[in-house]
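Student: Could you show me how to read a few features of a protein model?
Tutor: Gladly; let us look at it together.

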Amino acid sequence: MSSTFQADVCVIGGGVLGCMAARTLTRYQLKVLLIEKENDVCMGISRANTAIIYAGYDNKPDTLKSSLCVKGNMNFPFLCEELGVPISRCGSLMLCHGPRGAEVLKKKYENGLQNHVSGLELISGEEAHALEPHLAGEIYMGLYSPNTATVQPWEIGIATFENALENGCEIRLSSKVTDIEKTDGGFRITVSDTSAPKSSKTEVITARGILNCAGVYADRVRELLLPPSVRIYPEKADYFIFDKTVKGFLSHIIFEEPEEKGKGLTLVPTVSGNLLAGPSAQGDCERDDFSTSSDGLAFLEKRLGELLPELPLSSVIRNFASIRPNPFEVSQGENLEIIRSPRSIHSFVIDQPKDCPAFISLIGIKTPGLTCCEELAKYIVRQLLPVLGNPPLNPNFHPRRKSPVCMRRLSLSEKTSCIQKDPSYSKIICRCEQVSKGEIRDAISRGAKTVDGVKRRCGSGMGACQGSRCSYEITRLLARKLEKPISEICKDSSNSYFLKGDLT
(Lines give C-alpha, C1' and ligand atoms only; values in the text may rest on other atoms or scores of the structure.)
Protein backbone atom coordinates (compact mmCIF):
# COMPACT_ATOMS: atom_id res chain seq x y z
CA MET A 1 0.00 0.00 0.00
CA SER A 2 1.45 3.38 -0.98
CA SER A 3 0.49 7.04 -1.25
CA THR A 4 2.07 10.07 -2.93
CA PHE A 5 3.08 13.47 -1.53
CA GLN A 6 4.50 16.46 -3.40
CA ALA A 7 7.04 18.82 -1.83
CA ASP A 8 9.39 21.50 -3.06
CA VAL A 9 12.22 20.40 -0.76
CA CYS A 10 12.65 17.23 1.26
CA VAL A 11 14.98 17.31 4.27
CA ILE A 12 16.16 13.82 5.21
CA GLY A 13 17.13 13.46 8.86
CA GLY A 14 15.53 15.01 11.94
CA GLY A 15 18.62 15.78 13.99
CA VAL A 16 19.59 19.30 15.03
CA LEU A 17 20.97 20.11 11.60
CA GLY A 18 18.02 18.64 9.72
CA CYS A 19 15.55 20.53 11.90
CA MET A 20 17.56 23.72 11.43
CA ALA A 21 17.63 23.22 7.66
CA ALA A 22 13.85 22.70 7.62
CA ARG A 23 13.30 25.85 9.71
CA THR A 24 15.58 27.86 7.42
CA LEU A 25 13.70 26.66 4.32
CA THR A 26 10.39 27.83 5.81
CA ARG A 27 11.71 31.38 5.57
CA TYR A 28 10.89 31.05 1.85
CA GLN A 29 7.70 30.27 -0.03
CA LEU A 30 8.42 26.57 -0.30
CA LYS A 31 6.58 23.39 0.61
CA VAL A 32 9.02 21.70 2.99
CA LEU A 33 8.91 18.12 4.23
CA LEU A 34 11.15 16.70 6.99
CA ILE A 35 11.64 12.91 7.04
CA GLU A 36 12.94 11.06 10.13
CA LYS A 37 13.24 7.29 10.48
CA GLU A 38 12.73 7.32 14.28
CA ASN A 39 9.46 8.10 16.08
CA ASP A 40 10.77 11.48 17.23
CA VAL A 41 13.35 14.07 16.24
CA CYS A 42 16.87 14.33 17.69
CA MET A 43 17.09 10.63 18.54
CA GLY A 44 20.63 10.02 17.27
CA ILE A 45 23.97 11.77 17.61
CA SER A 46 22.27 15.14 18.21
CA ARG A 47 21.29 14.14 21.73
CA ALA A 48 24.49 12.53 22.97
CA ASN A 49 27.44 14.91 22.82
CA THR A 50 29.27 17.47 24.92
CA ALA A 51 26.81 20.22 23.89
CA ILE A 52 29.52 22.87 23.67
CA ILE A 53 29.22 26.05 21.65
CA TYR A 54 32.87 26.46 20.67
CA ALA A 55 34.59 29.84 20.41
CA GLY A 56 36.44 29.03 17.17
CA TYR A 57 40.13 28.86 18.09
CA ASP A 58 40.43 25.14 17.31
CA ASN A 59 39.78 25.50 13.60
CA LYS A 60 42.27 26.20 10.84
CA PRO A 61 42.13 29.88 9.81
CA ASP A 62 40.58 30.94 6.51
CA THR A 63 38.37 27.87 6.24
CA LEU A 64 34.61 27.51 5.98
CA LYS A 65 34.56 25.64 9.28
CA SER A 66 36.39 28.41 11.15
CA SER A 67 34.22 31.20 9.75
CA LEU A 68 30.97 29.32 10.44
CA CYS A 69 32.12 28.44 13.97
CA VAL A 70 33.01 32.00 14.98
CA LYS A 71 29.81 33.37 13.47
CA GLY A 72 27.77 30.54 15.00
CA ASN A 73 29.20 31.21 18.45
CA MET A 74 28.48 34.92 18.17
CA ASN A 75 24.87 34.37 17.04
CA PHE A 76 23.95 31.40 19.24
CA PRO A 77 22.57 33.48 22.13
CA PHE A 78 20.21 35.23 19.67
CA LEU A 79 19.14 31.84 18.29
CA CYS A 80 18.44 30.60 21.82
CA GLU A 81 16.44 33.75 22.59
CA GLU A 82 14.32 33.23 19.46
CA LEU A 83 13.66 29.60 20.32
CA GLY A 84 13.19 30.09 24.06
CA VAL A 85 16.07 27.79 25.01
CA PRO A 86 18.55 28.49 27.84
CA ILE A 87 22.25 28.93 27.15
CA SER A 88 25.15 29.29 29.55
CA ARG A 89 28.09 31.33 28.28
CA CYS A 90 30.29 30.16 31.13
CA GLY A 91 33.58 30.40 29.23
CA SER A 92 36.25 27.74 28.90
CA LEU A 93 39.70 26.97 30.17
CA MET A 94 42.06 24.75 28.18
CA LEU A 95 44.80 23.25 30.34
CA CYS A 96 48.17 21.68 29.64
CA HIS A 97 50.67 19.98 31.92
CA GLY A 98 53.98 20.53 30.13
CA PRO A 99 55.88 22.19 27.28
CA ARG A 100 54.42 20.02 24.49
CA GLY A 101 50.90 20.94 25.53
CA ALA A 102 51.93 24.58 25.87
CA GLU A 103 52.95 24.66 22.21
CA VAL A 104 49.50 23.36 21.28
CA LEU A 105 47.82 26.05 23.38
CA LYS A 106 49.97 28.77 21.80
CA LYS A 107 49.04 27.51 18.35
CA LYS A 108 45.34 27.55 19.23
CA TYR A 109 45.75 31.07 20.61
CA GLU A 110 47.29 32.21 17.31
CA ASN A 111 44.52 30.44 15.38
CA GLY A 112 41.97 32.24 17.51
CA LEU A 113 43.50 35.63 16.80
CA GLN A 114 43.49 34.92 13.07
CA ASN A 115 39.88 33.74 13.30
CA HIS A 116 38.95 36.98 15.15
CA VAL A 117 37.93 35.17 18.34
CA SER A 118 37.61 37.84 21.01
CA GLY A 119 38.72 37.69 24.63
CA LEU A 120 41.34 34.91 24.36
CA GLU A 121 44.08 34.90 26.99
CA LEU A 122 47.08 32.69 27.68
CA ILE A 123 47.33 32.42 31.46
CA SER A 124 49.73 30.83 33.92
CA GLY A 125 49.10 27.67 35.89
CA GLU A 126 48.64 29.75 39.03
CA GLU A 127 45.97 31.85 37.33
CA ALA A 128 44.23 28.68 36.13
CA HIS A 129 44.19 27.29 39.69
CA ALA A 130 42.75 30.58 40.90
CA LEU A 131 39.91 30.33 38.38
CA GLU A 132 39.24 26.66 39.19
CA PRO A 133 40.58 25.84 42.70
CA HIS A 134 39.38 22.19 42.61
CA LEU A 135 41.85 21.31 39.84
CA ALA A 136 44.73 19.20 41.11
CA GLY A 137 48.29 18.64 39.94
CA GLU A 138 50.65 20.90 38.08
CA ILE A 139 49.10 23.10 35.42
CA TYR A 140 51.76 24.42 33.06
CA MET A 141 49.59 26.88 31.13
CA GLY A 142 45.98 27.70 30.36
CA LEU A 143 44.06 29.19 27.44
CA TYR A 144 41.02 31.13 28.61
CA SER A 145 38.07 31.89 26.33
CA PRO A 146 35.09 33.84 27.72
CA ASN A 147 32.86 33.10 24.71
CA THR A 148 32.60 29.31 24.96
CA ALA A 149 29.08 28.26 25.94
CA THR A 150 26.87 25.25 26.50
CA VAL A 151 23.26 24.29 25.79
CA GLN A 152 21.09 21.19 25.93
CA PRO A 153 21.38 19.90 22.33
CA TRP A 154 18.02 18.12 22.28
CA GLU A 155 16.32 21.29 23.52
CA ILE A 156 17.76 23.24 20.59
CA GLY A 157 16.74 20.52 18.15
CA ILE A 158 13.19 20.10 19.44
CA ALA A 159 12.63 23.86 19.69
CA THR A 160 13.88 24.30 16.13
CA PHE A 161 11.59 21.50 14.97
CA GLU A 162 8.58 23.03 16.68
CA ASN A 163 9.30 26.44 15.13
CA ALA A 164 9.66 24.81 11.69
CA LEU A 165 6.23 23.20 12.13
CA GLU A 166 4.74 26.53 13.22
CA ASN A 167 6.06 28.01 9.97
CA GLY A 168 4.47 25.37 7.74
CA CYS A 169 6.98 22.51 7.56
CA GLU A 170 5.41 19.07 7.29
CA ILE A 171 6.82 15.99 9.01
CA ARG A 172 7.05 12.25 8.43
CA LEU A 173 8.22 10.37 11.53
CA SER A 174 8.93 6.62 11.63
CA SER A 175 9.74 6.93 7.94
CA LYS A 176 12.89 5.52 6.36
CA VAL A 177 14.09 6.57 2.91
CA THR A 178 14.65 3.37 0.94
CA ASP A 179 15.07 4.66 -2.61
CA ILE A 180 15.81 7.90 -4.48
CA GLU A 181 15.36 8.29 -8.24
CA LYS A 182 16.24 11.26 -10.44
CA THR A 183 13.33 12.57 -12.50
CA ASP A 184 12.86 15.35 -15.03
CA GLY A 185 11.34 17.59 -12.38
CA GLY A 186 13.55 16.61 -9.45
CA PHE A 187 13.42 13.42 -7.41
CA ARG A 188 11.17 10.50 -6.58
CA ILE A 189 11.72 9.39 -2.99
CA THR A 190 10.36 6.14 -1.62
CA VAL A 191 9.76 6.01 2.13
CA SER A 192 8.87 2.94 4.19
CA ASP A 193 7.02 2.87 7.49
CA THR A 194 9.25 1.88 10.44
CA SER A 195 6.56 2.08 13.13
CA ALA A 196 5.71 -1.63 12.80
CA PRO A 197 8.27 -4.40 12.11
CA LYS A 198 6.23 -6.08 9.37
CA SER A 199 4.60 -2.99 7.89
CA SER A 200 4.45 -2.86 4.09
CA LYS A 201 3.19 0.70 4.02
CA THR A 202 5.19 2.97 1.74
CA GLU A 203 4.91 6.54 0.54
CA VAL A 204 6.24 8.09 -2.64
CA ILE A 205 7.40 11.68 -2.31
CA THR A 206 8.27 13.94 -5.21
CA ALA A 207 10.55 16.89 -4.55
CA ARG A 208 12.46 19.46 -6.56
CA GLY A 209 15.33 19.43 -4.08
CA ILE A 210 16.81 17.29 -1.32
CA LEU A 211 18.89 18.26 1.70
CA ASN A 212 20.49 15.12 3.08
CA CYS A 213 21.10 15.68 6.82
CA ALA A 214 20.87 12.03 7.88
CA GLY A 215 23.72 12.06 10.40
CA VAL A 216 25.66 8.79 10.54
CA TYR A 217 23.51 7.52 7.67
CA ALA A 218 24.09 10.50 5.35
CA ASP A 219 26.56 8.55 3.21
CA ARG A 220 24.09 5.68 2.75
CA VAL A 221 21.29 8.08 1.80
CA ARG A 222 23.58 9.71 -0.78
CA GLU A 223 24.49 6.31 -2.22
CA LEU A 224 20.84 5.58 -2.95
CA LEU A 225 21.34 7.86 -5.95
CA LEU A 226 25.07 8.48 -6.44
CA PRO A 227 28.26 6.35 -6.42
CA PRO A 228 30.34 6.24 -3.20
CA SER A 229 32.79 9.09 -2.60
CA VAL A 230 32.80 9.65 1.17
CA ARG A 231 31.85 7.10 3.80
CA ILE A 232 31.27 7.44 7.53
CA TYR A 233 33.18 5.18 9.92
CA PRO A 234 31.74 6.14 13.32
CA GLU A 235 33.76 6.43 16.52
CA LYS A 236 32.37 6.05 20.01
CA ALA A 237 33.23 7.60 23.37
CA ASP A 238 31.99 7.29 26.97
CA TYR A 239 30.75 10.01 29.34
CA PHE A 240 29.69 10.43 32.96
CA ILE A 241 26.88 12.68 34.19
CA PHE A 242 27.04 13.86 37.81
CA ASP A 243 23.97 14.96 39.74
CA LYS A 244 23.31 18.52 40.82
CA THR A 245 24.95 18.11 44.22
CA VAL A 246 28.21 18.99 42.42
CA LYS A 247 26.78 22.22 40.96
CA GLY A 248 29.37 24.98 41.34
CA PHE A 249 32.28 22.52 41.55
CA LEU A 250 33.52 23.94 38.26
CA SER A 251 32.69 27.39 36.89
CA HIS A 252 34.09 26.95 33.38
CA ILE A 253 34.15 24.32 30.67
CA ILE A 254 37.48 22.54 31.05
CA PHE A 255 39.47 21.15 28.11
CA GLU A 256 42.60 19.16 28.83
CA GLU A 257 45.47 18.96 26.36
CA PRO A 258 47.47 15.86 27.44
CA GLU A 259 51.25 15.84 27.32
CA GLU A 260 51.21 12.48 25.55
CA LYS A 261 49.33 11.67 22.36
CA GLY A 262 45.63 11.13 22.82
CA LYS A 263 42.56 13.06 23.89
CA GLY A 264 42.27 14.66 27.31
CA LEU A 265 39.20 15.14 29.44
CA THR A 266 36.42 17.61 28.76
CA LEU A 267 34.31 18.78 31.72
CA VAL A 268 31.10 20.72 31.19
CA PRO A 269 28.99 22.43 33.88
CA THR A 270 25.67 21.99 32.11
CA VAL A 271 22.78 24.41 31.78
CA SER A 272 20.71 22.23 34.09
CA GLY A 273 23.32 22.21 36.87
CA ASN A 274 24.83 18.76 36.28
CA LEU A 275 28.46 18.08 35.42
CA LEU A 276 29.34 16.20 32.22
CA ALA A 277 32.73 14.44 32.03
CA GLY A 278 34.33 12.61 29.12
CA PRO A 279 35.22 11.40 26.59
CA SER A 280 37.01 8.07 26.56
CA ALA A 281 37.72 7.05 22.99
CA GLN A 282 36.49 3.56 22.11
CA GLY A 283 37.42 3.64 18.43
CA ASP A 284 35.32 2.41 15.49
CA CYS A 285 31.79 1.21 16.20
CA GLU A 286 28.50 0.33 14.57
CA ARG A 287 26.24 3.22 13.63
CA ASP A 288 23.59 2.47 16.23
CA ASP A 289 25.79 1.07 19.00
CA PHE A 290 25.44 3.43 21.95
CA SER A 291 26.67 0.94 24.54
CA THR A 292 29.33 1.97 27.03
CA SER A 293 32.57 0.07 27.67
CA SER A 294 34.01 -0.97 31.03
CA ASP A 295 37.52 0.05 29.91
CA GLY A 296 36.33 3.48 28.82
CA LEU A 297 34.49 4.12 32.08
CA ALA A 298 37.49 2.91 34.07
CA PHE A 299 39.68 5.39 32.17
CA LEU A 300 37.29 8.22 33.06
CA GLU A 301 37.32 7.25 36.73
CA LYS A 302 41.13 7.17 36.79
CA ARG A 303 41.61 10.47 34.98
CA LEU A 304 38.95 12.25 37.03
CA GLY A 305 40.63 11.04 40.20
CA GLU A 306 43.89 12.60 39.06
CA LEU A 307 42.51 15.91 37.79
CA LEU A 308 39.65 16.44 40.28
CA PRO A 309 40.32 14.22 43.32
CA GLU A 310 37.68 16.02 45.41
CA LEU A 311 34.92 15.27 42.88
CA PRO A 312 32.79 12.47 44.41
CA LEU A 313 32.32 9.65 41.89
CA SER A 314 29.38 8.53 44.02
CA SER A 315 27.52 11.49 42.47
CA VAL A 316 27.54 9.91 39.00
CA ILE A 317 23.92 9.23 38.06
CA ARG A 318 24.39 8.04 34.48
CA ASN A 319 26.95 7.04 31.94
CA PHE A 320 26.37 7.01 28.21
CA ALA A 321 28.18 6.69 24.90
CA SER A 322 28.18 9.18 22.06
CA ILE A 323 28.95 8.56 18.41
CA ARG A 324 30.99 10.82 16.17
CA PRO A 325 30.46 10.51 12.40
CA ASN A 326 34.03 10.22 11.12
CA PRO A 327 34.16 10.68 7.29
CA PHE A 328 36.79 9.19 4.96
CA GLU A 329 37.24 9.49 1.23
CA VAL A 330 36.64 6.14 -0.47
CA SER A 331 37.27 4.53 -3.84
CA GLN A 332 36.17 1.30 -5.48
CA GLY A 333 38.70 -1.47 -6.08
CA GLU A 334 38.75 -3.86 -9.03
CA ASN A 335 36.25 -6.17 -7.33
CA LEU A 336 34.02 -3.20 -6.38
CA GLU A 337 35.13 -3.39 -2.74
CA ILE A 338 35.25 -0.05 -0.94
CA ILE A 339 38.75 1.18 -0.09
CA ARG A 340 39.00 4.03 2.41
CA SER A 341 41.77 6.58 2.60
CA PRO A 342 44.13 6.36 5.61
CA ARG A 343 43.16 9.72 7.11
CA SER A 344 39.76 11.07 8.06
CA ILE A 345 38.39 14.29 6.59
CA HIS A 346 38.62 17.17 9.07
CA SER A 347 36.57 19.73 7.16
CA PHE A 348 32.79 19.70 6.73
CA VAL A 349 31.78 17.56 3.74
CA ILE A 350 29.16 19.51 1.79
CA ASP A 351 28.47 17.49 -1.34
CA GLN A 352 26.61 19.19 -4.20
CA PRO A 353 27.38 17.35 -7.46
CA LYS A 354 27.56 19.55 -10.56
CA ASP A 355 25.34 17.14 -12.48
CA CYS A 356 22.82 16.95 -9.60
CA PRO A 357 22.91 20.35 -7.83
CA ALA A 358 19.47 19.96 -6.23
CA PHE A 359 20.76 17.09 -4.05
CA ILE A 360 23.00 18.42 -1.27
CA SER A 361 24.49 16.07 1.33
CA LEU A 362 26.13 16.95 4.63
CA ILE A 363 28.34 13.99 5.50
CA GLY A 364 30.27 13.52 8.73
CA ILE A 365 29.40 16.83 10.38
CA LYS A 366 31.29 16.53 13.68
CA THR A 367 32.76 19.09 16.10
CA PRO A 368 31.84 21.96 15.96
CA GLY A 369 28.65 20.88 14.19
CA LEU A 370 26.30 22.02 16.95
CA THR A 371 27.95 25.45 17.09
CA CYS A 372 27.60 25.81 13.33
CA CYS A 373 24.13 24.28 12.96
CA GLU A 374 22.27 27.47 12.07
CA GLU A 375 25.06 28.86 9.90
CA LEU A 376 25.47 25.52 8.11
CA ALA A 377 21.73 25.38 7.46
CA LYS A 378 21.78 28.89 6.02
CA TYR A 379 24.82 28.00 3.90
CA ILE A 380 23.31 24.90 2.27
CA VAL A 381 19.94 26.59 1.75
CA ARG A 382 21.74 29.42 -0.06
CA GLN A 383 23.36 26.82 -2.33
CA LEU A 384 19.98 25.23 -3.07
CA LEU A 385 17.81 28.31 -3.64
CA PRO A 386 19.18 29.23 -7.12
CA VAL A 387 18.49 25.66 -8.30
CA LEU A 388 14.88 26.14 -7.18
CA GLY A 389 14.50 29.43 -9.02
CA ASN A 390 15.18 31.71 -6.03
CA PRO A 391 11.74 31.56 -4.39
CA PRO A 392 10.51 34.69 -2.58
CA LEU A 393 10.61 35.10 1.17
CA ASN A 394 7.75 33.82 3.26
CA PRO A 395 6.00 36.94 4.63
CA ASN A 396 4.38 34.86 7.39
CA PHE A 397 7.62 33.38 8.75
CA HIS A 398 7.95 33.91 12.50
CA PRO A 399 11.34 33.10 14.06
CA ARG A 400 10.19 33.08 17.67
CA ARG A 401 8.89 30.03 19.50
CA LYS A 402 6.96 30.55 22.67
CA SER A 403 8.77 28.73 25.46
CA PRO A 404 6.77 25.97 27.14
CA VAL A 405 6.13 26.28 30.87
CA CYS A 406 9.13 25.13 32.92
CA MET A 407 8.25 25.49 36.58
CA ARG A 408 11.79 25.09 37.93
CA ARG A 409 12.92 28.08 35.88
CA LEU A 410 10.12 30.40 37.04
CA SER A 411 10.05 32.88 39.87
CA LEU A 412 7.69 32.29 42.78
CA SER A 413 5.16 34.81 41.47
CA GLU A 414 5.28 33.25 38.00
CA LYS A 415 4.71 29.78 39.48
CA THR A 416 1.75 31.06 41.48
CA SER A 417 0.24 32.60 38.36
CA CYS A 418 0.63 29.34 36.38
CA ILE A 419 -0.96 27.27 39.14
CA GLN A 420 -3.88 29.68 39.46
CA LYS A 421 -4.57 29.31 35.73
CA ASP A 422 -4.04 25.53 35.72
CA PRO A 423 -3.77 23.52 38.97
CA SER A 424 -2.05 20.64 37.13
CA TYR A 425 1.19 22.64 37.35
CA SER A 426 1.09 22.18 41.14
CA LYS A 427 1.08 18.37 41.01
CA ILE A 428 4.71 17.21 40.94
CA ILE A 429 5.30 13.95 39.06
CA CYS A 430 9.11 13.96 38.82
CA ARG A 431 10.35 14.86 42.30
CA CYS A 432 14.05 14.95 41.44
CA GLU A 433 13.60 17.63 38.77
CA GLN A 434 10.36 19.12 40.12
CA VAL A 435 8.47 18.49 36.88
CA SER A 436 4.72 18.88 37.15
CA LYS A 437 1.83 17.02 35.59
CA GLY A 438 1.03 20.12 33.54
CA GLU A 439 4.51 20.18 32.01
CA ILE A 440 4.31 16.48 31.13
CA ARG A 441 0.89 17.03 29.58
CA ASP A 442 2.34 19.92 27.56
CA ALA A 443 5.26 17.74 26.40
CA ILE A 444 2.82 15.13 25.09
CA SER A 445 0.81 17.81 23.33
CA ARG A 446 4.05 19.04 21.72
CA GLY A 447 4.73 15.64 20.17
CA ALA A 448 6.20 13.33 22.84
CA LYS A 449 5.10 9.75 22.22
CA THR A 450 7.39 7.95 24.68
CA VAL A 451 8.77 8.38 28.19
CA ASP A 452 12.03 9.43 26.56
CA GLY A 453 10.24 11.99 24.41
CA VAL A 454 8.70 13.52 27.53
CA LYS A 455 12.09 13.45 29.23
CA ARG A 456 13.80 15.45 26.49
CA ARG A 457 11.02 18.02 26.35
CA CYS A 458 10.56 18.81 30.02
CA GLY A 459 13.47 17.20 31.91
CA SER A 460 11.58 14.49 33.77
CA GLY A 461 13.67 11.45 34.70
CA MET A 462 16.97 13.33 34.50
CA GLY A 463 17.56 13.53 38.24
CA ALA A 464 19.26 11.27 40.73
CA CYS A 465 16.74 8.41 40.48
CA GLN A 466 16.83 8.51 36.65
CA GLY A 467 13.09 8.09 36.33
CA SER A 468 12.64 5.09 38.61
CA ARG A 469 9.95 6.93 40.61
CA CYS A 470 8.13 8.82 37.84
CA SER A 471 8.36 6.71 34.67
CA TYR A 472 5.25 4.65 35.38
CA GLU A 473 3.07 7.68 36.08
CA ILE A 474 4.39 9.33 32.89
CA THR A 475 3.59 6.11 30.99
CA ARG A 476 0.03 6.27 32.30
CA LEU A 477 -0.31 9.89 31.21
CA LEU A 478 1.02 9.00 27.76
CA ALA A 479 -1.41 6.08 27.42
CA ARG A 480 -4.35 8.25 28.43
CA LYS A 481 -3.42 11.21 26.23
CA LEU A 482 -2.49 9.13 23.16
CA GLU A 483 -5.32 6.64 23.73
CA LYS A 484 -2.97 3.67 23.61
CA PRO A 485 -2.53 0.65 25.90
CA ILE A 486 0.17 1.03 28.55
CA SER A 487 1.91 -2.04 27.09
CA GLU A 488 2.28 -0.28 23.74
CA ILE A 489 3.73 2.85 25.37
CA CYS A 490 6.23 0.67 27.28
CA LYS A 491 7.24 -1.11 24.08
CA ASP A 492 7.82 2.16 22.21
CA SER A 493 9.76 3.68 25.11
CA SER A 494 12.04 0.66 25.50
CA ASN A 495 13.46 1.27 22.02
CA SER A 496 15.38 4.31 23.24
CA TYR A 497 19.09 3.73 23.83
CA PHE A 498 19.06 6.57 26.35
CA LEU A 499 16.60 4.66 28.54
CA LYS A 500 18.76 1.55 28.22
CA GLY A 501 21.96 3.37 29.27
CA ASP A 502 23.73 1.88 32.26
CA LEU A 503 23.06 3.27 35.71
CA THR A 504 26.12 3.65 37.88
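The dialogue below goes through cores, ring pairs and strands.

Student: What should I know before reading any values?
Tutor: This is a predicted model, where local features need pLDDT of at least 70, side-chain atom pairs count only at pLDDT 80 or more, and totals for chains, interfaces and linings use all residues. Residues are numbered from 1 along each chain as its sequence is written, and side-chain values use heavy atoms, with hydrogens and water left out.

Student: Which residues have the most contacts inside the largest nonpolar core?
Tutor: In soluble globular proteins, nonpolar side chains tend to be buried together. A nonpolar core is a set of buried Ala, Val, Leu, Ile, Met, Phe, Trp, Tyr and Cys residues joined through side-chain atoms within 4.5 Å; buried means under 20% relative accessible area, exposed over 50%, and partly exposed in between (1.4 Å probe, protein chains only). Here the largest such core has 102 residues, and Val-11, Ile-180, Ile-189 and Leu-211 have the most contacts inside it. Apart from it lies another core of 23 residues, including Ile-139 and Leu-250.

Student: How many aromatic pairs are there?
Tutor: Rings of Phe, Tyr and Trp (its six-membered ring) pair if their centres lie within 6.5 Å; planes under 30 degrees apart count as stacked, over 60 as edge-to-face and the rest as tilted. The structure holds five aromatic pairs. One of them joins Tyr-233 and Phe-328 edge-to-face, at 5.6 Å centre to centre and 85° between the planes.

Student: What lies over the face of Tyr-233?
Tutor: A charge sits over a ring if NZ of Lys or CZ of Arg is within 6 Å of the ring centre and within 35 degrees of the ring normal. For Tyr-233 that residue is Arg-340, at 4.3 Å from the ring centre.

Student: How do I read strand pairing?
Tutor: Strands of a sheet pair through backbone hydrogen bonds, either parallel or antiparallel. Strands (E, at least two residues) are DSSP runs, numbered from the N terminus, and two of them pair if DSSP finds at least two bridges between them. Strand β10 (residues 186–193) is joined to β11 by six bridges and runs antiparallel to it, with Val-191 bridged to Glu-203. β11 also pairs with β21 (residues 359–363), in the parallel sense over three bridges, and Ile-210 stands opposite Phe-359 there.

Student: Why is β11 called largely enclosed?
Tutor: Eight of the 11 residues of β11 (residues 202–212) are buried, so the strand is largely enclosed by the rest of the structure.

Technical notes:
Helices (H or I, at least four residues) and strands (E, at least two) are DSSP runs, numbered from the N terminus.
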